[in-house]
Amino acid sequence: MSEVPSPLAHHFDDLTQQKEATTLGMWTFLVTEILFFGGLFAGYAQYRTLYPQAFAAASHHLDIVLGTINTAVLIASSLTMVMGVRAAQLGRRKQIVIFLLLTIVLGLVFLGIKAVEYTHKYHEGLIPGPGFALQGEERMQVRFFAFYFLMTGMHALHMVVGVVIVGMIAFFAWRGRYSPEYYGPVDVTGLYWHFVDIVWIFLFPLLYLLGRH
Amino acid sequence: MSEHVIPVRTYYAVFAALLAFTGITVAVAFLDLGPLSTVVALSIAVLKATLVLLYFMHLRYSSKLTWIFVGTGIFWFLILIAFLFADVASRGWIPPAEGWNVPR
């Protein structure tokens, strides 16, 4: 450790304490994220209770095949992420980079499929606003689409941020910044990525699977 | 602390379980279970989220302090949902005042 500067910040006693603080800090942020998305879920729940038929009917406009594929893609990206964290715990530099790059690719596949879905919705005139295609009784469904775009949009934004952060961590890992003693940044990036996965785990049934039968 | 290195086997098993539950929740969505549909869909989602939390996010091997933080977040979210539904469900219990425009 003579040439490489120690990763230990001066205000911590040792790396274990630093790691514990890093992890707890990320969890604290994720708790605020639970409540951020919680507000959206609560709004969704209330409007769905008030307009059950409109929500069930509107859900049929979503592509269940693309939604299911995207769920699988995101779960796979969580697996590659956790494998990347494991590689960091074991100090396997090359493996960290490979698994993090795989995670980025899967994240981009998810966003690509999402973009295809949004494009379809645009052409069908299902974006809430002046050009909304459903009129008369069906116009009620605009409430569902408002929540659909807000919730999946915020989720997609978190994915974009995640992809950028994983990219940065992959770069630092390639430069050899992490070791089995110091891999906190890889670990907490994983926590963030899995949290975004969990949000989708709830969004998928609530938006795509509602009123399918 | 997540110093604990979890065997690759466990991660593959969790991954397979998550995919299986995704398949089940899609299949069940096509059955007509009435109001139970939402209950089943959300139960499967909670199960999947728990697997991700415990294994992918290493919560099972994390400190008690981490559990308290996570629990706090979930508890506060449940307060939000509980009070919201208490409001929505109790609407119309008391007749509105004369000329008062009440949302449904």
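Two residues are counted as in contact when their C-beta atoms, placed from the backbone, lie within 7 Å. On that basis, 77% of the contacts in chain A with a separation of 6 or more join residues 24 or more positions apart. The structure is a predicted model of a complex to which the predictor gives an ipTM of 0.91 and a pTM of 0.92. Chain A comprises six helices and zero strands, while chain B has three helices and, again, zero strands.

**Chain A as a whole**

- Read from the N terminus on, the elements of chain A follow the order α-α-α-α-α-α, and the C-alpha trace of this chain spans about 75 × 30 × 30 Å along its principal axes.
- Chain A has 213 residues, of which 38% are buried.

- Helix α1 of chain A, with 36 residues, reaches 52 Å from its first C-alpha to its last, which is close to the 52 Å expected at 1.5 Å a residue.
- The buried residues of α1(A) are A:K19, A:T23, A:M26, A:W27, A:L30, A:I34, A:F37, A:F41 and A:Y44.
- An α-helix has 3.6 residues a turn, so residues three or four places apart point the same way.
- Helix α5 of chain A, which takes in residues 142–174, has 33 residues and reaches 47 Å from its first C-alpha to its last, close to the 48 Å expected at 1.5 Å a residue.
- After α5(A) comes A:G176, a residue whose phi is positive, near 80°.

- A:S59 belongs to helix α2 of chain A, which covers residues 52–59, whereas A:L207 lies in helix α6 of chain A.
- A:S59 counts as buried because it has 21 C-beta neighbours inside 10 Å, and A:L207 counts as buried because it has 20 such neighbours inside 10 Å, where the cut-off for a buried residue is 20 or more.
- Leaving aside residues up to four places away in sequence, A:S59 touches A:F144, A:L207, A:Y208, A:L210 and A:G211.
- With neighbours within four places in sequence again set aside, A:L207 is in contact with A:S59, A:L62 and A:Y148.
- A:L207 and A:G67 are 140 residues apart along the chain, yet their C-alpha atoms are separated by 9.4 Å.
- A:S59 and A:M159, which are 100 residues apart in sequence, lie 23 Å apart in space, C-alpha to C-alpha.

**Chain B: helices, domains and dimensions**

- From the N terminus on, the elements of chain B run α-α-α, and the chain is divided into domain 1, residues 1–62, and domain 2, residues 64–93.
- The C-alpha centres of domain 1 and domain 2 of chain B lie 22 Å apart.
- The C-alpha atoms of chain B fill a box of roughly 65 × 40 × 15 Å along the principal axes.
- The radius of gyration of chain B is 20 Å, whereas a compact globule of 104 residues would have one near 13 Å.
- Among the 104 residues of chain B, 21% count as buried.

**The loop residue B:H58**

- B:H58 is found in the loop between α2 and α3 of chain B, and its phi is near 60°, a positive value in a residue other than glycine.
- Most residues other than glycine have a negative phi.
- B:H58 counts as buried because 22 C-beta neighbours lie inside 10 Å.

**Where the chains meet**

- In the complex, 38 residues of chain A are in contact with 38 residues of chain B.
- On the side of chain A that touches chain B, α1 (15–50), α3 (64–89) and α6 (184–208) of chain A each supply at least two residues.
- The largest share of that side, 16 residues, comes from α1(A).
- By residue type, the side of chain A that touches chain B divides into 20 nonpolar, 12 polar and six charged residues.

**Confidence in chain B**

- The mean pLDDT of chain B is 90, and 94% of its residues reach 70 or more.
- Within chain B, confidence is highest in helix α1 (residues 8–29), at a mean of 96, and lowest in helix α3 (residues 64–90), at 93.

Definitions and conventions
Residues numbered from 1 in each chain as written. Chains lettered and ligands numbered in written order. Predicted model: local features only at pLDDT ≥ 70, side-chain atom pairs only at ≥ 80, totals over all residues. Domains from an automatic or database assignment. Helix = DSSP H or I, 4+ residues; strand = E, 2+ residues; numbered from the N terminus. Buried ≥ 20, exposed ≤ 12 C-beta atoms within 10 Å, placed from the backbone. Nonpolar A, V, L, I, M, F, W, Y, C, P; charged D, E, K, R; others polar. Expected span 1.5 Å × (residues − 1). Rg over C-alpha atoms; globule rule 2.2 N^0.38 Å. pLDDT = per-residue confidence, 0-100.
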